[in-house]
Amino acid sequence: MKKLFDDLSYKISRETTRQYSTSFSLGIMALSPKIRNPIYAIYGYVRLADEIVDSFHDHDKQKLLSKYKEETFCALEDKISLNPVLHSFQETVHQYKIDHALIHQFLKSMEMDLQKIDYNSDLYKEYILGSAEVVGLMCLHIFTEGNIDEFERLKPYAMTLGSAFQKVNFLRDMKDDYQILGRSYFPNVDISYFDNAVKAQIEKEIEEEFKIALEGIRKLPPSSRFGVYLAYRYYISLFRKIKKTSATKIINQRIRISNGKKLSLMMSSYVQYKTSFL
């Protein structure tokens with residue numbers, strides 16, 4: 001029965017999420033059960049692409065990514081894939097009518113990671129659009145469940161939240177990005193001269209985006225609001241820890257939030273969600 005394979009595919013996407021991200025797993029668990037599987041499918045899909053460009057150093061990354069792109073659009077056309085993660089993703093794309101342009105934009109940013117790029121402001125914005133903002137829009141298609149007016153109303157907030165998350169990731173991962181992968185995303189910033197003043201400018205930009213994004217979280221449907229708010233609280237906690245860390249340390253150490261702290265955040269976020277402004 002095909003349903004058995006469908007169910008297995010979503011389970012593999014869910015396990016992929018759990019293995020790679022405790023924080024997003026907790027956030028997805030806080031969503032309404034009816035929309036969890038599609039979000040797992042999206043995370044599993046983008047996670048595999050990330051792994052190709054970030055981790056598979058002993059393989060031809062360009063070839064792997066090109067093949068992944070080809071298999072993606074074959075799966076979308078055929079409405080099936082023997083790769084369970086791709087299968088659950090194509091089913092989600094069809095079910096929620098996710099624009100294929102979002103997928104193309106995401107894969108374009110993944111391709112950018114395979115090149116040595118000196119990022120200016122335009123390239124920086126384009127990379128964030130594809131690597132983070134469009135992923136937020138894929139998720140928003142699911143959160144709004146086909147309501148186009150709601151999607152368009154919430155679209156700017158989803159993009160801003162994705163941008164803030166990605167910029168926090170850039171700061172968190174600066175050590176590996178620069179020292180291992182040879183990447184530097186921030187425009188017109190020489191990492192060898194990265195100091196607290198430059199770091200503060202980036203942090204100010206992120207703070208503004210978080211403020212705007214929170215307005216959008218308040219407007220989300222109840223089925224997704226707490227799950228997204230929980231992810232927001234996790235990233236705010238990580239961001240505050242980064243702000244307290246010197247520029248020198250950021251370059252030489254990946255900043256983390258412990259699993260115990262994440263669980264504590266989940267509980268405190270629920271109390272705040274129930275008793276405060278949301």
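Predicted model: local features only at pLDDT ≥ 70, side-chain atom pairs only at ≥ 80, totals over all residues.
At 42% relative accessibility, glutamate 208 counts as partly exposed (buried means under 20% relative accessible area, exposed over 50%, partly exposed in between, with a 1.4 Å probe and protein chains only). Select glutamate 208 to start; its place is in helix α10. Helices here are DSSP runs of H or I with at least four residues, numbered from the N terminus.

Residues are numbered from 1 along each chain as its sequence is written, and side-chain values use heavy atoms, with hydrogens and water left out.

**Helix α10**

Now colour its buried residues: Lys199, Ile202, Glu203, Ile206, Glu209, Phe210, Ala213, Leu214, Gly216 and Ile217. What covers them includes α8, α11 (222-243) and α12 (247-252), where contact means heavy atoms within 4.5 Å.

**Helix α1**

Go to residues 2-20, helix α1. It has 19 residues and spans 27 Å from first C-alpha to last, close to the 27 Å expected. Its buried residues are Asp6, Ser9, Tyr10, Ser13, Thr16 and Thr17. Looking down the axis of α1, these buried residues fall within an arc of 115°, so they line one face of the helix; the arc is that of the directions from the helix axis to the C-beta atoms. Turn to the other side of α1 and Leu4 and Gln19 are exposed. Then show α2 (22-29), α3 (33-54) and α5 (84-96), against which the buried residues of α1 pack.

**The α4 and α6 pair**

Two packed helices are described by the angle between their axes and the distance between the axes. Select residues 61-78 (α4) and 100-112 (α6): their axes come within 11 Å and cross at roughly 170°. Axes are lines fitted to C-alpha atoms, for helices over the stretch in contact, and angles run from 0 to 180 degrees between N-to-C directions. The two helices are therefore roughly antiparallel to each other, a term for angles over 145 degrees. Display the side chains of Leu65, Lys69, Thr72, Phe73 and Leu76 on α4, and of His100, Ile103, His104, Leu107, Met110 and Glu111 on α6, which make the contact. By class, this contact has six nonpolar, three polar and two charged residues (Ala, Val, Leu, Ile, Met, Phe, Trp, Tyr, Cys and Pro count as nonpolar, Asp, Glu, Lys and Arg as charged, and the others, Gly among them, as polar).

**Two loop residues**

Select lysine 97, in the loop between α5 and α6. Its phi is near 55°, a positive value in a residue other than glycine. Lysine 97 is exposed, with a relative accessible area of 68%. Next take glutamate 145, in the loop between α7 (121-144) and α8 (148-172). Here phi is near 50°, again positive in a residue other than glycine, and glutamate 145 is partly exposed at 41% relative accessibility.

**Isoleucine 142**

End in helix α7, at isoleucine 142. Isoleucine 142 is buried, at 0% relative accessibility. Leaving aside neighbours within four places in sequence, isoleucine 142 is in contact with Ile35, Pro38, Ile39, Ile42, Thr92 and Tyr96.

Technical notes:
Expected span 1.5 Å × (residues − 1). Parallel < 35°, antiparallel > 145°, perpendicular 65-115°, else oblique.
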